[in-house]
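Reader: I'm new to this one. Can you walk me through it?

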Amino acid sequence: MPLPDGALSPGDVYQGAPGGGCANRNFEFDTSPCAPRQPCARDCERPHAARLRMNDLDSEVLPLPPRYRFRDLLLGDQSFQSDDRVQVEFYVNENTFKERLKLFFIKNQRSSLRIRLFNFSLKLLTCLLYIVRVLLDDPDLGIGCWGCPKQKYTFNESSSEINWAPILWVERKMDLWVIQVIVAIISFLETMLLIYLSYKGNIWEQVFRVSFVLEMINTLPFIITIFWPPLRNLFIPVFLNCWLAKHALENMINDFHRAILRTQSAMFNQVLILFCTLLCLVFTGTCGIQHLERAGGNLSLLTSFYFCIVTFSTVGYGDVTPKIWPSQLLVVVMISVALVVLPLQFEELVYLWMERQKSGGNYSRHRARTEKHVVLCVSSLKIDLLMDFLNEFYAHPRLQDYYVVILCPTEMDIQVRRVLQIPLWSQRVIYLQGSALKDQDLMRAKMDNGEACFILSSRNEVDRTAADHQTILRAWAVKDFAPNCPLYVQILKPENKFHVKFADHVVCEEECKYALLALNCICPATSTLITLLVHTSRGQEGQESPEQWQRMYGRCSGNEVYHIRMGDSKFFREYQGKSFTYAAFHAHKKYGVCLIGLKREEHRSILLNPGPRHILAASDTCFYINITKEENSAFIFKQEEKQQKRAGLGLCEGPSRLPMHSIIASVGTVAVDLQHAECGPSRSSGGGGGSKLAPPTENGSGSRRPSIAPVLELADSSALLPCDLLSDQSEDEVTPSEDEGLSAVEYVRGYPPNSPYIGSTPTLCHLLPVKAPFCCLRLDKGCKHNSYEDAKAYGFKNKLIIVSAETAGNGLYNFIVPLRAYYRSRRELNPIVLLLDNKPDHHFLEAICCFPMVYYMEGSVDNLDSLLQCGVIYADNLVVVDKESTMSAEEDYMADAKTIVNVQTMFRLFPSLRITTELTHPSNMRFMQFRAKDSYSLALSKLEKRERENGSNLAFMFRLPFAAGRVFSISMLDTLLYQSFVKDYMISITRLLLGLDTTPGSGHLCAMKISEEDLWIRTYGRLFQKLCSSSAEIPIGIYRTECHVFSSSETHDLRAQSQISVNVEDFEDTRDVRGPWGARAGGGRGSTHSRHVGGDDPAEHPLLRRKSLQWARRLSRRGPKHAGKAAATDWIGHHRLSLCRRSERQELSELVKNRMKHLGLPTTGYDEMSDHQNTLSYVLINPPPDTRLEPNDIVYLIRSDPLAHVVSSPQSRKSSCSNKLLSCNPETRDETQL
């Protein structure tokens, strides 16, 4: 058989491949026995050629002359202030002329609404001009063309002939003609422009539309009369523009709903359409009969209107009748149209709410072939789930033409029906009532033609396992019916994940939830960071706010993760052949983008921060964080800075001039000294581990200005060597335990031997050398191995992490693994206490008994005794997990009531405890840390409503608990599955950030704290350079906590309270009552504490209140005498309220201490701390390089894999890391130093 053109025979050699024929496999088809292939002569030449290429690479970078080394000393850190910055302009794909016109006339809701309003007004004007022309025209004065002699015609009833001249010609004044011609030209040009902008490849579909035909009938004759004056008196049925006005009104209403994003009743829209239809019928009949009767009875306009009303109302007096057959025919046609159109309108009006989406109908095969659609399969559809999906799905520009087909077995909810009747969604969302397990329903949804199928679980079900089983069956049914349709599956329980492993994308809710909550304890507000990254936003939230932090927080929230091939990228193309950290730093410095990872062309796995030894290639896929993707960005270089650079120092002139970063990155004495100065341990007298952010010194003195080492283009193993965490020389073994006197337990690193479910990714962790007995895992009960019965007795060095959950599910295993990962130092491992409502089963204990410092206790978060026994006063973080039994409630949004009240109680009892709460409904986060009289929270509530009205998908982002990472809802991560339709890498990157997946060579998320000593770095851009040059870490954001003045009445109460607490010491009777509440621990009233265990003495607390009232009266007497009576009353009430609040605080403190004494716990650890009401925290994702660093800033880092570059020889590993262990391993959890 002959081969096609361009094909190669089996014996041919493809000459275009590198290396000629030797680079390809040659297959010879022969019937004889196979003979061994003869060696090619070029095979011998390949090693020699490889050596030549390596020599060429080595000879590319030459050492610089010594004069540049002296220049480095002079310039210091001027390399960072290079003038290669550019200004990035976003969304340039919308800047073409046609796209701008389309954006103005069609896409933009507000401008399109104005255009349609103008069009509607234009059509009404033409109808009004027609009425004016009729009133001014008198056929008795004569009829004829323009410029012709006028003739008079008389109607003869006895004659059957019709005089057509009065019908063809009318009398049109010159002024009226000019106005009508101008209006016609405007309408014609507007119609042609819209036809051009909405052209989709089929011109005849546009031409044969009724609106286009009517437009041509009413505009082209007027334009022709400009060039042919005799036709200026020709009759033109301009009154037909009323139907075009009706069409424009319907489009205007749709655009109005889209512009204001507000729900309007579909019944109102249908009534309006019915009224307009009836009005158009009457107006058309009136004008048509009046004009045709010019050749008959010559009826006036009012008489014709009267006749139409009498006829359409079926009264029919008979006093007015048409005289000629054309008008009689018109009446017949109008009545027939009315009998057809009006009943249909009434029927749709009556049965709209009942018949429109009851069964959903069918999605036609023709639409499925010509349009793109996705299918959403759910067991029950709630309004929050629907709006989250629609807002996130249609947030991407290329998905605007997609249709969403919802397949749900239940009848449509009232709220869902109301939303789907909005014109914004009614044209794009189709609701089908049916089951995914039936092929008939899948056929109705045209699943085999769908672009994707989203299968979501019902998380509000009490039995979440049963909900997962339903999801699994739906996934199997869809895969069986449409094997080529991409599947996006949401699963609840991790043990059920392997059943849907065949799906293209799977998101396990409990895996992500517990990993997020775990990272929240060591990297504050990780939940907020991930939530903002997976939501689509343009960063326009809060830009109109007067608060600086809201504008900056809202702007940075627009950063998302994008990808691009490096060879096609303007951001990263110039860094081909350079190290990853070099490209990351210079791309951020020059363009403001944050390069976080990449993927090799030959590998499927994504690597986050592969480290400085990873050399970028043109085929790599780069993943970066930016406001928008590079394809929608424009590059505006700052020419002025370039000219300043050329006019600068003479050292940069000449043909051999090199950029600053290349000069400093050369092999020079200064660069090597700076790197060793940064990586070496600090010798400060303060003790402890040295900080990599400490400024370098020269000969032990700090006289020289601090400088930051450059980021090397290629990694230098002598200057940058990550520590081997598998080495025996670790800080944990070198420094023995000194404080508690307990024997140090040796930990080992390995993979957990028992996984609680199938499908969990093995992660290298800190493990016990021998599994702990189950009895030793119980925190509050001693056993034969130890006698400890409370957290204090264990003598933990670090603060506790307490997790309150209903049951010990398999997902809780993912909370422990990120906190015991191998890349976390032993010195920063926090004890984990699981506060469970129900006793864990044997399989769960078998899975956690290998982890160090993991305990459990039976108890509830709403029981103060349970909290005290599990060591809440020694804890730094308390995580409250949403309980499955409370996820469903009879009233919507009431599922979180118990959790919110319990957390509010703990917030009052332990104000300094960092509590992270999981809620079922994100809208309930406004009740977290609720203060009734906080006017600042009220202002934030108004800001949230304003952002929601503006169409923001992140309206809740300005709530202080969410911004600080104190509240989280797993439903906020539903957008992760929706975004994977456009960005198929988002799930993989999120799992790597959360520590759910561990890819060899990929980094992990961690955090470090900026102290006062680190402020010499000054800006975020300089910190980026410092981290890339010293430890090869990539910062991605900042968690900032700043003081804020809240204008709330509670703040004034607190200030007045502090003032009163000083003033009341002037009275003698205060000293008698102040003792028990003022004492911190122990004190002279210990017997009183032991007697009144409950802390609610009926004699003591009323005494305090009575004396508080006495103090208030005495203080009122000492108030200003010149004030009025009303002012004095307000002043007394203000101080009385403050005293009551003070006694309430003391009562809470006394209650906690009494319960601790009753349980036999020491009260020395409890400290009565005040609310931190004057601070707020928020997350800044990828801030600009010139962002100033502030004290207590926590920087999010992606740290490279410590095992990626482990030296094979143990001796070399020990010698290389012996001097860097103190600087490479963090000392504490809160202050992770480099």
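Reader: What share of the contacts with a separation of 6 or more is between residues 24 or more positions apart?
Author: It is 76% in the protein chain. Contact means heavy atoms within 4.5 Å. Keep in mind that this is a predicted model, where local features need pLDDT of at least 70, side-chain atom pairs count only at pLDDT 80 or more, and totals for chains, interfaces and linings use all residues. Residues are numbered from 1 along each chain as its sequence is written, and side-chain values use heavy atoms, with hydrogens and water left out.

Reader: How many helices and strands are in the protein chain?
Author: The chain has 43 helices and 24 strands. These are DSSP runs, numbered from the N terminus: helices are H or I with at least four residues, strands are E with at least two.

Reader: And what percentage of the residues is buried?
Author: Of the 1234 residues, 52% are buried. Buried means under 20% relative accessible area, exposed over 50%, and partly exposed in between, with a 1.4 Å probe and protein chains only.

Reader: Let's look at a sheet. What is the strand order in the open sheet of 6 strands?
Author: The order is E4-E3-E2-E5-E6-E7, with parallel pairing. Two strands pair if DSSP finds at least two bridges between them. Strand E4 (429-433) and strand E7 (505-508) are the edge strands, each pairing on one side only.

Reader: How many bridges between E3 and E4?
Author: Strand E3 (residues 403-408) pairs with E4 over 5 bridges, in the parallel sense. Ile406 stands opposite Tyr431 in E4.

Reader: Which strands does H14 touch?
Author: Helix H14 (residues 383-393) packs on the sheet and touches strand E2 (373-377), E3, E4 and strand E5 (453-455). The direction of H14 makes about 160° with that of E3. Angles run from 0 to 180 degrees between N-to-C directions, and axes are lines fitted to C-alpha atoms, for helices over the stretch in contact.
Author: Helix H18 (residues 464-481) also packs on the sheet, touching E5 and strand E6 (487-491). The direction of H18 makes about 170° with that of E6.

Reader: New topic. At what angle do H22 and H36 pack?
Author: Helix H22 (residues 580-591) and helix H36 (residues 1020-1030) pack at about 175°, with their axes 10 Å apart. That makes H22 roughly antiparallel to H36, a term for angles over 145 degrees.

Reader: Which residues make the contact?
Author: H22 brings Thr581, Ala584, Phe585 and His588. H36 brings Tyr1020, Gly1021, Phe1024, Gln1025 and Cys1028.

Reader: Is E17 enclosed or open, and why?
Author: Strand E17 (residues 854-858) is largely enclosed by the rest of the structure, because 4 of its 5 residues are buried. Strand E16 (residues 832-836) runs parallel to E17, and 5 bridges join the two. Val833 stands opposite Tyr855 in E17.

Reader: What about the open sheet of 4 strands: parallel or antiparallel pairing?
Author: The pairing is antiparallel, in the order E8-E11-E9-E10. Strand E8 (560-565) and strand E10 (607-608) are at the edges, each pairing on one side only. Strand E9 (residues 594-599) and strand E11 (residues 621-626) pair over 5 bridges. Lys599 stands opposite Thr621 in E11.

Reader: Last one. Is Asn119 buried or exposed?
Author: Asn119 is buried, with a relative accessible area of 17%. Asn119 lies in helix H4 (residues 109-136). Not counting residues up to four places away in sequence, Asn119 touches Glu190 and Ala248.

Note on methods:
Parallel < 35°, antiparallel > 145°, perpendicular 65-115°, else oblique.
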